[in-house]
Amino acid sequence: MTRAKLAIIGIGNTIAGDDGVGILVAQRLACRWPDSDHVLVTTLPGDLFAVSELLDRAREFLFVDAIAGDPPGEIRVLTSARRAFAPSLHQTDIGTVMAMLKTLEVADPFPDWQIWGITITPPEELGEGLDPVVAEAAVELERRIVAHVEGLL
């Protein structure tokens with residue numbers, strides 16, 4: 001199997017309002033590169049440890065996620081971030097998961113990775129749809145990711 005240059009992985013929960021922004025951005029990006037050998041686009045709506053099954057499929061990973069932070073709607077690029085919403089005590093953030101998988105030597109070589117996130121206020125109740133400021137940031141984040149991918153290719 002040929003490894004893609006980049007995997008774009010949307011993380012979140014679409015029934016938790018703004019927490020679903022990573023999933024929504026990834027779904028829109030999947031339409032741009034549906035059958036690319038260079039870009040893999042998928043989502044992790046549940047168990048973040050499922051990323052272990054994807055690590056051998058790309059050289060670099062870009063995780064798109066909602067991150068807890070103020071003010072809502074800021075775009076941040078980092079390698080660790082507190083999840084904005086964790087519906088289970090067994091859930092953790094993708095930075096911790098990636099650090100654990102690297103320590104366990106799950107992939108060789110272990111891919112480089114970053115989180116491209118949008119700050120949100122953690123939801124207090126379930127519900128679909130994005131706050132307007134988060135929706136606007138999602139459009140900008142999608143634009144930045146497209147520019148990043150075009151620069152890589």
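**View 1. Cys31 in helix α1.** At a relative accessibility of 65%, Cys31 counts as exposed, where exposed means over 50% relative accessible area, buried under 20% and partly exposed in between, with a 1.4 Å probe and protein chains only. This residue lies in helix α1, which covers residues 21-32; helices (H or I, at least four residues) and strands (E, at least two) are DSSP runs, numbered from the N terminus. Val41 is ten residues from Cys31 in sequence, and the C-alpha atoms of Cys31 and Val41 are 9.1 Å apart in space. The model shown here is predicted, so that local features need pLDDT of at least 70 and side-chain atom pairs count only at pLDDT 80 or more, while totals for chains, interfaces and linings use all residues. Residues are numbered from 1 along each chain as its sequence is written, and side-chain values use heavy atoms, with hydrogens and water left out.

**View 2. Strand β5 and its surroundings.** Strand β5 spans residues 112-120, and seven of its nine residues are buried, so this strand is largely enclosed by the rest of the structure.

**View 3. Strands β3 and β5.** Strand β3, made up of residues 58-68, runs parallel to β5 and is joined to it by nine bridges; two strands pair if DSSP finds at least two bridges between them. Within this pairing, the residue that stands opposite Ile120 of β5 is Ala68.

**View 4. Strands β4 and β5.** Strand β4, residues 75-78, is antiparallel to β5, and four bridges connect the two. Here Arg76 has Gly117 of β5 opposite.

**View 5. The whole protein, for orientation.** Three helices and five strands make up the elements of the protein, and from the N terminus on they follow the order β-α-β-β-β-α-β-α. The radius of gyration is 15 Å, close to the 15 Å that the globule rule gives for 153 residues, so the protein is as compact as a globular protein of that length; this radius is taken over C-alpha atoms, and the rule is 2.2 Å times the number of residues to the power 0.38. Taken along the principal axes, the box that the C-alpha atoms fill is roughly 40 × 35 × 20 Å. Of the 153 residues, 44% count as buried. Among the contacts with a separation of 6 or more, 78% are between residues 24 or more positions apart, a contact meaning heavy atoms within 4.5 Å.
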